[in-house]
Amino acid sequence: MSVRRSIIDYSRGDNLGYFWWLYRMQKKVSNRLVRDFLTFFLSRSAHKHGGYVGPDAVFLGVPVLPHGLHGIFISRFAVIGEGCRIYQNVTIGEVNRKAPVIGNDCLIGAGAVLVGDIRIGDRVKIGAGTVVNTDIPDGCTVVSQAMRLIDRSIQQQNNTD
């Protein structure tokens, strides 16, 4: 990579090389004090980049983050497969200390929310703004979220005001 490209990436906060180096080091260290020290710097680095990655989150490979960590929240219980592409403002959250297990080569669109004890298969595409709370088999594309009808009496009261 050219020096110019490196400077531009660093100034935008997209240079995550240091972040992933800290992540790999934190996983390798067996000394608890050193691991806690690295976890502190890992969390600070994620915060600097505008996101959160739980200290116990498992990445089977380095994910592709086209917009850096900007707005991305990844639970400490999440497992993310190899070659995943995660766009900005994605939430991979937990419910009762259980988080999604995401397969290999998945694409997660901007603003998507994945929560709970679910499994996302390999080569799954999740559209922008989609809320996922059930298992998704391999090779599927998921878009939108289920619509819900809000009580009409509330809407009628708002229209008359």
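Two strands are said to pair if DSSP finds at least two bridges between them, and the strands themselves are DSSP runs (E, at least two residues), just as helices are runs of H or I with at least four, both numbered from the N terminus. With that in hand, select Ile-108, whose bridge partner in S11 is Ile-126.

Before going on, note that this is a predicted model, in which local features need pLDDT of at least 70 and side-chain atom pairs count only at pLDDT 80 or more, while totals for chains, interfaces and linings use all residues. Residues are numbered from 1 along each chain as its sequence is written, and side-chain values use heavy atoms, with hydrogens and water left out.

**The sheet**

**The cysteines**

Select Cys-84 next, which counts as buried at 0% relative accessibility, where buried means under 20% relative accessible area, exposed over 50%, and partly exposed in between (1.4 Å probe, protein chains only). The closest cysteine sulfur to that of Cys-84 is in Cys-106, at 4.6 Å, which is too far for a bond. A disulfide is taken here as a pair of cysteine sulfur atoms within 2.5 Å, and by this rule the count is zero.

**Strand S1**

Move to Tyr-52, found in strand S1 (residues 52-53) and partly exposed at 32% relative accessibility. Leaving aside residues up to four places away in sequence, Tyr-52 touches Ala-46, Ile-72, Phe-73 and Ile-74, contact meaning heavy atoms within 4.5 Å. Show Arg-76 as well: Tyr-52 and Arg-76 are 24 residues apart in sequence, and 9.4 Å apart in space from C-alpha to C-alpha.

**Helix H3**

Finally, select Phe-41, which lies in helix H3 and counts as partly exposed at 32% relative accessibility.
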